Amino acid sequence: MGSLLFILFLLFVVIPIGRVLWALFSTKRKFDNFRRQAQQAYEQQFGARNTNPYDNDNRTRRRTRGKKINADVGEYVSFEELPPQTDRCDLPPRRVVAEEQIVDVDWEDIK
């Protein structure tokens with residue numbers, strides 16, 4: 001009787017769990033291979049550029065860029081503040097005409 005239960009346990013519990021685990025590991029291995037091939041193709045097409053400065057072992061900082069134009073190039077322009085204008089412009093004021101509201105349904109209160 002004990003061996004029959006052991007065989008049933010193997011058939012209905014251990015083997016299905018083993019198949020699921022095997023499928024998961026197989027899928028992970030295929031995904032890792034696909035990702036590795038895509039990375040290699042990217043490096044072949046665009047070169048092996050390291051975009052993350054912290055990926056390498058020496059962990060050096062990126063060099064900061066200086067200004068593109070030196071301070072001695074060009075002229076200094078002095079600015080002066082103008083007093084605020086009291087009158088905005090010389091145009092006559094606009095005339096605004098409000099149109100009547102168009103109503104297509106009579107309002108009725110529900111009691």
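This is a predicted model: local features need pLDDT of at least 70, side-chain atom pairs count only at pLDDT 80 or more; totals for chains, interfaces and linings use all residues.

Let's begin with the setting. The chain has 1 helix and 0 strands, and buried residues make up 2% of its 111 residues. The accessible surface of the chain is about 13,100 Å², with 57% of that belonging to carbon and sulfur atoms.

The helix to look at is α1, which covers residues 2–46. From its first C-alpha to its last, this 45-residue helix reaches 64 Å, close to the 66 Å expected at 1.5 Å a residue. Along the way α1 bends by about 40° at Leu10.

Now move along the helix to Asp32, which is found in α1. Asp32 has a relative accessible area of 18%, and because the cut-off is under 20%, this residue counts as buried. On one side of the sequence, its partner is Lys28: the two residues form a salt bridge whose closest N and O atoms are 2.9 Å apart. Their side chains are also joined by a polar contact of 2.9 Å. Both residues lie in α1, 4 residues apart, or about one turn of the helix.

Asp32 has another partner in Arg35, and their side chains meet in a salt bridge of 3.5 Å, N to O. Here the spacing is 3 residues within α1, which again comes to about one helical turn.

Put together, Lys28, Asp32 and Arg35 are linked in a network of salt bridges. The structure as a whole holds 2 salt bridges, and Asp32 takes part in the one with Lys28 as well as the one with Arg35.

Let's follow α1 to its end, where the side chains are aromatic. A search of the whole structure finds 1 aromatic pair. Tyr42 and Phe46 make up this pair, which is tilted, with 5.0 Å from centre to centre and 45° between the planes. Like Lys28 and Asp32, which are 4 residues apart in α1, Tyr42 and Phe46 sit 4 residues apart in that helix, about one turn.

Asp32, by contrast, is buried at 18%.

One last stop: just after α1 comes Gly47, which takes a positive phi of about 85°.

How values were computed: Residues are numbered from 1 along each chain as its sequence is written. Side-chain values use heavy atoms; hydrogens and water are left out. Helices (H or I, at least four residues) and strands (E, at least two) are DSSP runs, numbered from the N terminus. Buried means under 20% relative accessible area, exposed over 50%, partly exposed in between (1.4 Å probe, protein chains only). Accessible areas come from the Shrake-Rupley method with a 1.4 Å probe; for residues, only the protein chains shown count as cover. Rings of Phe, Tyr and Trp (its six-membered ring) pair if their centres lie within 6.5 Å; planes under 30 degrees apart count as stacked, over 60 as edge-to-face and the rest as tilted. The expected span of a helix is 1.5 Å times one less than its number of residues. The bend at a residue is the angle between axes fitted to the seven residues ending there and the seven starting there. A polar contact is a pair of N or O atoms within 3.5 Å; within protein, one must be able to donate a hydrogen and the other to accept it, and residues adjacent in sequence count only if both atoms are side-chain atoms. A salt bridge is a side-chain nitrogen of Lys or Arg within 4 Å of a carboxyl oxygen of Asp or Glu.
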